[in-house]
Amino acid sequence: MNTKELCGVANAKLDAFVTWTALDRSNLSDGRKLAVNYFIVAVILFFAQLLFGMIAATQFIFPSFLYGWLDFSVNRMVHINAMVVWMLYGFIGCTYWLLEDESQTEIVGLKYGKLAFWVLTIAVAVVVLVYLFIQIGAGNDTTLWLINEGREYIEAPRWADIGIVAVVLTFFYNVVATFSKGKWSGIAGVLTLDLVALAGLYLAGMFYMTNITHEQFWWWWVIHLWVEATWEVLVGVIMAWSLMKLLGVRRKIVTTWLYIEVALMFGSGILGLGHHYFWIGTPEYWLTIGGFFSALEPIPLVAMVVHAMYDAGSHSFKNSNHPAVAWIIAQAFGNFFGAGVWGFMHTLPQINLYTHGTQWSASHGHLAFFGAYATINIAFFYLAIQHWRGDVWMSGNAQNAWRWKWALGLLNVGVVGMTIALLIAGYEQSFIERAVEGSTWSGYFSAQNHPSFQSAMVWRWFFGLMTFAGLILLIWDLLTIGKGETRKMAFVETE
Amino acid sequence: MNEENPLWASESFWKKVAIWVTAGSFLILVVLTFDSLSQTEVGGKRVQAYSVINKKIDYVYKEDLHKFMPVIGETELLFGKEFTEEEAEKLVTLGKKTTQAKNCMNCHTLLGNGAYFAPDLTKAWLDKGWLSKELREDLMIKFLLDPENNARTFGSNRKMPNLHITPDEAKGVVAFLKWMSSIDTNGFPYNFKTIYATEE
């Protein structure tokens, strides 16, 4: 079979797949077509995140698995990068999705937005291929520019950094120009200022420094102020808009809540950055400042739980999209437990001295990223798919509802299971490696070789597999939910 | 403001609070950032000059401070050579770039940050796993150049892959690790017994 025939077969298969999904793009406005493009890539990257996470988890149990071909460092890098990028794709998609509705006008400069999507997607594909097939380079600037910057979470080489900034600026132009042409609102204002901060912070991570204390100082500006400040506020915006659409909550209520959340989130999160400055060479006052403000970080997350649950309860859970509301509730609790409780448990310096750099962080990371960010994106995927299907019925006694319920269950139980397994490993590591053996290399390996650590890694693997199964079911459900459904959704009335 | 709409439920009040709290927090962060960056310049008290690689570095418990602190001692040359500040900076820079180019951080932690598949490198230079200060340099270089055949798995079966590090890069990495071990990390890691503590 030559290339031409191969392309023909691939095209035919793709057409058959599209026909099978029976999703009609004419149900979507142009802005929302762009949003679903972002969602599709997000789901593909979500799959990649879990696939490479499973390989890395396997290597904890069988270190020789794929040794020399796909080493742990490569798998772990793809695992965490795919996660960061799919969540960003999800957020950008959510923003394009709500933009026209919120501004009540068409997206300004949409063709640039479309171009930016393809530029970003091709860049992501190239970066991943280079990660997988070239992996590492010589210790010079060429490697940092073309292959890998070797800095956890923001490994993307410098050329890609510049591309990302260009794409984000285009996205930002779409958002601001659209609101300016249409209508501004409280949600629009918070969204715009948050995007300025989100894009501006990325610049702090684009420089090489030999002084590792300075390097990690700025590196945390990007990572922390994204994940524990600007992303949280972005989720607040998406949540606010979703609660209006799903439950019919009054705009004035969600907007007021949003301002309260911004005050609490930035009031605790900006100086909460200090909990990353305990041990990297920075002055001692960070122990106090970081400890104090990061101890406050759970408060806005409690507020979000109250907000979501109160609104859902006061509307008697009457809504037009059960899977989306279920995932929003999962978000409220997941964010509170994963980011709030799990973060708080090891954030005070007196404890962090022993837990820093152990599986504690992995435990917190898994529940927090899933609970705070995966969930809200999944909720939005359900909102999008409902509209894409032509606003069909997706509430009680919907067809094949077992699929979304099982996907919800498997994903949540899987991630919670991994979190607990990693927490046990983290406790053991803090105790044996850090407290008893004083963090020497032999102390590190005593902890890694301990039966309770090793069994925790096996548990983590099985719960990882459960999570993976949940994702496959979720993808199947997203592709099929509402297919053949003839009843129209019940539109909620705004108070 | 009225009874129907008290201050605590007022949209405009919370909008102002959000703006002031955000702006205030950010301003404090900017001020602290300037201070932290100046206190952690290379050559200061917390982050040593690169030429510290010419000295003996130890890490000991200070009773009065209740924490472990790096201690800079007498001359203890690296690779039998005394480096000027510029030469030392060049070598440490090569080492730092090598650790980034080889993606060390996605198995190891540096200053406790990174992945948890391999040991922390913060005080790797001082680790008693290098047996003695006489053997240390040679063992580190051999390990970096051919980790598979000089594997240090401590019974874990986890081996560092061959990352095709050149002899110059290996020297750079060792210099970088020695320099990093001299950073004042507020007592992290706690209770760490150095190669010198073991020898004495």
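The model is predicted, so local features need pLDDT of at least 70 and side-chain atom pairs count only at pLDDT 80 or more, while totals for chains, interfaces and linings use all residues. Residues are numbered from 1 along each chain as its sequence is written, and chains are lettered from A and ligands numbered from 1 in the order in which they are written. Helices (H or I, at least four residues) and strands (E, at least two) are DSSP runs, numbered from the N terminus.

**Interface of chains A and B**
- The contact involves 65 residues of chain A and 71 residues of chain B; two residues touch if their C-beta atoms, placed from the backbone, lie within 7 Å.
- On the chain A side, the elements that give two or more residues include H3 (72-103), H8, H9 and H14 (359-388).
- H9(A) gives the most to that side, with eleven residues.
- By class, the chain A side that touches chain B has 28 nonpolar, 29 polar and eight charged residues.
- Here Ala, Val, Leu, Ile, Met, Phe, Trp, Tyr, Cys and Pro count as nonpolar, Asp, Glu, Lys and Arg as charged, and the others, Gly among them, as polar.

**Helix H1 of chain B**
- H1(B) covers residues 11-39; at 1.5 Å a residue its 29 residues should span 42 Å, and its end C-alpha atoms are 42 Å apart, which agrees.
- The expected span is 1.5 Å times one less than the number of residues.
- Its buried residues are Trp14(B), Lys15(B), Ala18(B), Thr22(B), Ser25(B) and Ser36(B).
- A residue is buried if 20 or more other C-beta atoms lie within 10 Å of its own, exposed if 12 or fewer, and partly exposed in between, with C-beta atoms placed from the backbone.
- These buried residues pack against H8 (212-247) and H9 (251-272) of chain A.

**Domains and hairpin of chain B**
- The domain assignment, automatic or from a database, gives domain 1 (7-39) and domain 2 (50-199).
- The C-alpha centres of domain 1 and domain 2 of chain B lie 40 Å apart.
- Strands S1 (55-62) and S2 (67-75) of chain B pair in the antiparallel sense over seven bridges; pairing needs at least two DSSP bridges.
- In S2(B), Thr75(B) is the bridge partner of Lys55(B), and Phe68(B) is that of Tyr61(B).
- Four residues lie between the strands, and His66(B) takes a positive phi near 60 degrees.

**Gly189 of chain A**
- Gly189(A) is found in H7 (186-203) of chain A.
- Gly189(A) counts as partly exposed because it has 18 C-beta neighbours inside 10 Å.
- Gly189(A) and Lys318(A) are 129 residues apart in sequence and 29 Å apart in space, C-alpha to C-alpha.
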